[in-house]
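Please open the model in your viewer and keep the selection tool at hand. We will take the tour one stop at a time.

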Amino acid sequence: MNWSCVQLEERLSDYLENALSESEQREFRAHADSCPRCAPLVAQVSRMLGSLHSLEFEPVPPMLASKILDLTLGPRKKKIEWLKWVPILWQPRFATGLVTVLATALIIFHATGGVKKSKLTLADFNPIAIIQSANSQAHLAFARGVKFVNDLRVVYEIQSRLQPASSGTPGQQTPSATPSQQKPPNQSQQNRLTQDSFAEVAALIANARLRSAP
Amino acid sequence: MEADAQLVQRCLKGDGPAWEELVRRHSRRVYNLCYRFTSNSSEAEDLTQDVFLRIYRTLASYRTAYGGFPTWLTSVTRNLLVDHYRRSRRDRMTDALEDVLPVVEEKHSPVRTPDKAAMAQELSAQVQSALAKLSPELREAIILRDLQGLEYTEIQQVLSVPEGTVKSRINRGRIELARILQEMGVGPS
C-alpha cells in the first residue's frame, strides 16, 4: 500500500521517534523519497526537532527561589555569606598556611616594636620605615643576646672562683647543705682567700663591662 | 538525592529545609515552562511564584497516585498558565492589533557572532518567537514534549486528554512550528 501525503504527515512524529513498525517505516521512506512536497517537510521537522532538543533551559532570575521561600515560609534570617568560608579555611592545607602567615605577621609586628596608637603616623606605614625599624630591632635583639651570654659567662666565672673559697671540695654538695661533714678552714686563711677572690671578681666585672659597652 | 515524595512528606511535617530543597530543585523547570509559554521573563517569574504558592498550600492533596511530583507540579503550572492566558486574552480584546500577538523579548544581540553561546541564545529567541505564533494547545504540547522532555503518559496526565490527542497535537505542533521557522528564514542546523 502506498502512503499518501496526509498519512505521512500524521505519522511524521512516530517516524522521527522510531515508533513505526518496520513495514510502516519502509512505506514512509518510500513515499518521503519520491514526494517533492514531503521530502523537505521531513527534513525541516527533523532539523527543527534537533534544534529544540539542543536548547538549554533559560537562566532563572537570581532571587526567584528566595522570593518563593519568603512568600511561602515567610521572611527568613539572612545567612551570613562569609560563614560558608569557615569550613573551607579550616581544612589543614589552608589552616597551616594561615597559621604561618599569622606567625610571620606577629614576628614582624614584634620586631617593629608593635604599634603605639598615640605615636602612630602615616609615615609608620612606609615600607622603608618598617624595614629600617625591623633591622634596628633585630640588631638590638642580637646585641642584647650577646650581652646576656657574656654576663652569663662572667657569672659562671665568679661562681667558679668563689667556690674554692667557700668550699674546699668542689663537685661536692654546697657547704650549707652539709656543714657538719666538712672540716672548717683556718679563719685568717679563709679571710685572705676571700679577699683575693673578690679582687679577681671585681677585675672580671670591670673587664666584662668594658667588653659589653657599645 | 532524596526522592521528591520523601521531601513532600517532610514538608507536611513542617520541615522548612525540605520545602526549600523542593523549590530549588524544581523552580528552574517551572520558570522555563512559564517563560516558553508567555515569552516574558517578568510574567514567568510572577507565575512561577504563584505556582509554588499554590503547591505549598495544596501540598497535602498530593498523592503519588497522581504520578510523580514533577508531573503534578507541571499540571498545576499548566492550569495556572491556562488561567493566565484566558485573563490576558480578555485584556487584549481592548488592546491595539499590534499588541495581540505575544511580544518576544529581545534577548539576542543584533550582530551575529560565531560564538556558540551567542548562537544558542539567538536560536532560543527565534524558537521562542515561533512558539508565540502557535495556538496555545499546540504550544503547550510542544513545550511539554520537546522542551521539558515529558513522556506521552505524563503529558496525558497534565493535559487531561487522551493519548491520541496528545500525539496528534504534538505532531501538528511540530509541523506548524517548522513551517513558521521556515517562514522566518530560520534554517535550524
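This is a predicted model: local features need pLDDT of at least 70, side-chain atom pairs count only at pLDDT 80 or more; totals for chains, interfaces and linings use all residues.

Residues are numbered from 1 along each chain as its sequence is written, and chains are lettered from A and ligands numbered from 1 in the order in which they are written.

**Colour by confidence**

Now colour both chains by pLDDT. Chain B averages 84, and 85% of its residues score at least 70. Chain A averages 79, with 76% of the residues at 70 or above. Within chain A, select helix H9 (residues 187-212), where confidence is lowest at a mean of 70, and then H2(A), where it is highest at 94. Residues 168-182 of chain A have a pLDDT below 50, and this stretch has nine contacts in the model beyond near neighbours in sequence. For the model as a whole, the scores are ipTM 0.77 and pTM 0.58.

**Switch to a cartoon view**

Chain A shows nine helices and zero strands. Helices (H or I, at least four residues) and strands (E, at least two) are DSSP runs, numbered from the N terminus. Chain B has eight helices and zero strands.

Of the 214 residues of chain A, 7% count as buried; for the 189 residues of chain B, the share is 34%. Contacts between residues at least 6 apart in sequence can be followed too: 55% of those in chain A join residues at least 24 apart, and in chain B the figure is 64%.

**Where the chains meet**

Select the residues of chain B that touch chain A. There are 34 of them, in contact with 27 residues of chain A. On chain B, helices H2 (16-38), H3 (41-57), H5 (116-132), H6 (136-147) and H8 (163-183) each supply at least two residues of this side. H2(B) gives the most, with 10 residues. By type, this side of chain B divides into 17 nonpolar, 10 polar and seven charged residues. Here Ala, Val, Leu, Ile, Met, Phe, Trp, Tyr, Cys and Pro count as nonpolar, Asp, Glu, Lys and Arg as charged, and the others, Gly among them, as polar.

**Into the core**

Next, select Met48(A), Val23(B), Cys34(B), Ala141(B), Ile142(B) and Leu177(B). Of the 52 residues in the largest nonpolar core, these touch the most other members. A nonpolar core is a set of buried Ala, Val, Leu, Ile, Met, Phe, Trp, Tyr and Cys residues joined through C-beta atoms within 7 Å. H2(B) gives the most to this core, with nine residues.

Zoom in on Ile142(B). Leaving out residues up to four places away in sequence, Ile142(B) touches Leu131(B), Leu134(B), Ile170(B), Gly173(B), Arg174(B) and Leu177(B).

**A crossing of two helices**

Show H7(B) and H8(B) together. Their axes come within 9 Å and cross at roughly 105°; axes are lines fitted to C-alpha atoms, for helices over the stretch in contact, and angles run from 0 to 180 degrees between N-to-C directions. H7(B) is therefore roughly perpendicular to H8(B), a term for angles of 65 to 115 degrees. At the crossing, Tyr152(B), Ile155(B), Gln156(B) and Leu159(B) in H7(B) meet Glu163(B), Val166(B) and Lys167(B) in H8(B).

Ser160(B) lies in the loop between helix H7 (152-159) and H8 of chain B. Its phi is near 55°, a positive value in a residue other than glycine. Ser160(B) counts as exposed because it has 10 C-beta neighbours inside 10 Å.

In chain A, go to Asn18(A), in the loop between helix H2 (12-16) and helix H3 (22-34). Phi of Asn18(A) is also near 55°, and Asn18(A) counts as exposed with 7 C-beta neighbours inside 10 Å.

Finish at Gln7(A), in helix H1 (residues 5-10) of chain A. Gln7(A) is partly exposed, as 16 other C-beta atoms lie within 10 Å. Gln7(A) and His31(A) are 24 residues apart in sequence and 9.8 Å apart in space, C-alpha to C-alpha.

Key. Two residues are in contact if their C-beta atoms, placed from the backbone, lie within 7 Å. A residue is buried if 20 or more other C-beta atoms lie within 10 Å of its own, exposed if 12 or fewer, and partly exposed in between; C-beta atoms are placed from the backbone. pLDDT is the predictor's confidence in each residue, from 0 to 100. Angles under 35 degrees count as roughly parallel, over 145 as roughly antiparallel, 65 to 115 as roughly perpendicular and the rest as oblique.
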